[in-house]
Amino acid sequence: MADIYHIWADHKKDVDSYDFANKMRKFLDGLVEMGRMNSYRLTRSKLGFRSMDMPEFHIMMEFDNMQQLDDAMTSILRNEKNIDESHVSFNKLVDKDTIQHFLYRDFPDDLNKPKLTEERKPYTIDEVVKATKNIKPDLW
């Protein structure tokens with residue numbers, strides 16, 4: 001299960017699309033290397049084919065959860081490993097009138113399902129014996 005942050009944007013008219021993509025990848029690669037994001041995709045509308053008036057570039061950023069997304073934003077604000085330099089460069093290239101942001105999640109999710117990171121207490125011998133007796137009473 002994941003949270004996927006979507007961004008649609010055009011680059012400014014005086015900005016080369018390859019320069020835009022390269023600087024965006026540098027920024028996103030930095031977040032992945034720091035463990036602040038799992039993965040990303042940077043896509044461009046093919047031949048302008050789209051049914052709505054959407055920006056040309058689409059960026060999908062995948063996070064385990066909202067905490068990881070928040071940690072990524074904190075890393076940018078704190079400029080960890082100079083990541084903000086790449087972020088600022090990207091912001092200077094984006095046509096701010098076209099940018100759209102959306103946060104999606106895998107669905108449906110099971111909020112009650114135990115996470116792998118949850119700590120489980122060890123069972124006592126008495127608990128194991130009792131559970132075994134309930135499963136196969138004829139063994140006892």
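# Rings, strands and salt bridges

Q: What is the relative accessible area of Phe-102?
A: The model is predicted: local features need pLDDT of at least 70, side-chain atom pairs count only at pLDDT 80 or more, and totals for chains, interfaces and linings use all residues. Residues are numbered from 1 along each chain as its sequence is written, and side-chain values use heavy atoms, with hydrogens and water left out. Buried means under 20% relative accessible area, exposed over 50%, and partly exposed in between (1.4 Å probe, protein chains only). Phe-102 falls in the partly exposed class, with a relative accessible area of 34%.

Q: In what order do the elements of the protein chain run from the N terminus on?
A: Helices (H or I, at least four residues) and strands (E, at least two) are DSSP runs, numbered from the N terminus. The protein chain has 4 helices and 4 strands. Read from the N terminus on, the order is β-α-β-β-α-α-β-α.

Q: How many aromatic pairs does the count come to?
A: Rings of Phe, Tyr and Trp (its six-membered ring) pair if their centres lie within 6.5 Å. Planes under 30 degrees apart count as stacked, over 60 as edge-to-face, and the rest as tilted. The count by this rule is 2.

Q: Why is the pair of Trp-8 and Phe-102 called edge-to-face, and how many residues apart are the two?
A: The ring centres are 5.5 Å apart and the planes stand at 80°, so the pair is edge-to-face. Distant parts of the chain are linked here. Trp-8 sits in strand S1 (residues 3-9) and Phe-102 in strand S4 (residues 100-105), and the residues apart number 94.

Q: Is Trp-8 buried or exposed?
A: Its relative accessible area is 17%. The cut-off for buried is under 20%, so Trp-8 is buried.

Q: Which elements hold Phe-20 and Phe-57?
A: Phe-20 and Phe-57 form a tilted aromatic pair, 4.8 Å centre to centre with 50° between the planes. They are 37 residues apart and link distant parts of the chain. Both are buried. Phe-20 lies in helix H1 (residues 17-33), Phe-57 in strand S3 (residues 57-63).

Q: How many bridges pair S1 with S3?
A: Two strands pair if DSSP finds at least two bridges between them. S3 is mostly covered, with 6 of its 7 residues buried. Asp-3 stands opposite Phe-63 in S3. S1 and S3 are antiparallel, and their bridges number 7.

Q: Which residue in S3 is the bridge partner of Arg-41?
A: Strand S2 (residues 39-44) runs antiparallel to S3, joined by 6 bridges. In S3, the partner of Arg-41 is Met-60.

Q: What percentage of contacts with a separation of 6 or more involves residues 24 or more positions apart?
A: Contact means heavy atoms within 4.5 Å. Leaving aside neighbours within four places in sequence, Met-61 touches residues including Ile-4, Leu-28 and Tyr-40. Across the protein chain, for contacts with a separation of 6 or more, residues 24 or more positions apart account for 74%.

Q: Where does the cis peptide bond lead from Phe-107?
A: Its omega is near -5°.

Q: How far apart are the closest N and O atoms of Arg-44 and Glu-56?
A: A salt bridge is a side-chain nitrogen of Lys or Arg within 4 Å of a carboxyl oxygen of Asp or Glu. The whole structure holds 3 of them. Arg-44 and Glu-56 form one, with the closest N and O atoms apart by 2.7 Å.

Q: Which loops hold Glu-80 and Arg-36?
A: Glu-80 and Arg-36 form a salt bridge, the closest N and O atoms being 3.2 Å apart. The two are 44 residues apart. Glu-80 is in the loop between H2 and H3, and Arg-36 in the loop between H1 and S2.

Q: Which helix holds both Asp-19 and Lys-23?
A: These two form a salt bridge with their closest N and O atoms 3.7 Å apart. They are 4 residues apart, about one turn of the helix, and both lie in H1.
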